[in-house]
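I opened this notebook page to record what I looked up in the structure. The entries below follow the order in which I consulted it.

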Amino acid sequence: MKLIDIETFHLTHSQSPFFLRMEPCIMALGFFDGVHLGHQKVIRTARQIAREKKVKLAVMTFAPHPKEVLSNGNTKVHYLTPLPVKVDIFDKLGVDRLYVITFNQDFAELSPQEFINQYVIGLGAIHVVAGFDFTYGFKGQGNMDTIGEDGRGKFQVTQIPKLQFSDEKISSTLIRQVIGEGDVERIPSFLGDYYETRGKILLNARGHYSADNTLIVSMLPYFMLPAKGVYEIETYIDHQKYQGIARIDGLENGSNFIEMKLFDRVTNLVNSMIKIKWIQRRAKMQRGKLNLHFLSSNHFESDYIVEGSH
């Protein structure tokens with residue numbers, strides 16, 4: 001198993017300024033939920049600059065989502081990529097150093113100048129890369145038009161323009177909408193890959209482990225899941241790939257369990273971690289519940305509306 005190489009710092013703001021003596025870096029700024037193609041452009045641009053200047057590439061992100069804090073907890077955000085998944089993707093993109101800033105009320109009240117002084121200049125940034133719509137400081141008063149002035153010449157700035165696909169701006173908001181509608185086959189155009197979630201295999205659908213490969217998976221917290229339906233999936237267990245189908249039902253009641261059937265024989269699954277890539281919705285829920293035990297890769301019960309059949 002490949003070890004994560006990123007040097008990670010979890011920073012929490014307090015009223016007393018902190019000062020870390022950090023070596024110079026190129027810093028990519030953003031929340032980066034989903035790490036979609038626009039985010040990847042930001043990070044890859046920063047990586048190229050870091051290589052040219054022979055310094056480290058740093059990424060700054062935030063947790064939890066600012067909307068959760070600014071709404072006083074009234075807004076619950078389902079993440080495309082919870083922090084551990086982001087870290088994996090950042091590692092694959094060649095990031096050397098990661099700053100995870102706790103987004104709390106104290107941090108939210110920083111002026112734009114205070115943010116730049118403490119979290120950009122103070123962390124050694126000599127060049128900042130961010131998307132055109134990145135904002136910072138109290139109520140987002142700082143933006144890509146003001147960041148250079150706030151930096152007072154201490155760092156250079158590269159702004160990444162809007163990235164589009166089929167006249168749509170690629171954004172985390174758009175991707176959440178598409179997943180929420182069940183159109184997961186569209187996601188590679190925005191992420192560069194299929195949407196992925198992670199979970200833990202518990203038991204099969206009959207309450208025990210057996211040879212039919214019908215499983216119950218407890219999804220890890222915070223992941224957004226697709227709309228109700230039956231999906232073609234690709235799973236990874238202990239680095240082995242398996243094809244299958246999954247049913248999502250009843251998630252509006254707060255359930256984080258999904259039922260799935262793998263088409264290949266697998267053993268010793270209980271308590272294993274699983275990665276699930278959502279390839280295509282094959283059927284919409286109409287009534288009743290699906291018994292995956294009777295499903296194969298090319299058959300769907302009449303209790304479901306098969307996509308494209310009407």
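Entry 1. I first noted the cut-off for exposure: a residue counts as exposed when its relative accessible area is over 50%. The model I consulted is predicted.

Entry 2. I looked up Lys54. Its relative accessible area is 73%, and Lys54 therefore counts as exposed, the cut-off being over 50%. I located Lys54 in the loop that joins helix H1 (37–53) to strand E3 (56–63). I then checked Lys54 against Pro24: the two are 30 residues apart in sequence, and their C-alpha atoms are 9.8 Å apart in space.

Entry 3. I turned to the protein as a whole. I found eight helices and 17 strands. Of its 310 residues, 48% count as buried. The protein exposes about 15,400 Å², and carbon and sulfur atoms supply 50% of that area. Among contacts with a separation of 6 or more, 71% are between residues 24 or more positions apart.

Entry 4. I examined the largest nonpolar core, which has 33 residues. Those with the most contacts inside this core include Ile187, Tyr195, Ile276 and Trp278. Among the elements that give two or more residues to the core are helix H8 (188–191), strand E11 (195–204) and strand E16 (273–285). Helix H7 gives the most, with four residues.

Entry 5. I listed the contacts of Tyr195, leaving aside neighbours within four places in sequence. Tyr195 is in contact with residues including Tyr79, Leu80, Ile179, Phe223 and Met224. I also recorded another core, apart from the largest one, with 32 residues, among them Leu29, Val69, Val77 and Ala125.

Technical notes: Residues numbered from 1 in each chain as written. Predicted model: local features only at pLDDT ≥ 70, side-chain atom pairs only at ≥ 80, totals over all residues. Heavy atoms only, no water. Buried < 20%, exposed > 50% of the residue type's maximum accessible area, 1.4 Å probe, protein only. Contact = heavy atoms within 4.5 Å. Areas by Shrake-Rupley, 256 points an atom, 1.4 Å probe, with all protein chains shown as cover. Core = buried A, V, L, I, M, F, W, Y, C linked by side-chain atoms within 4.5 Å.
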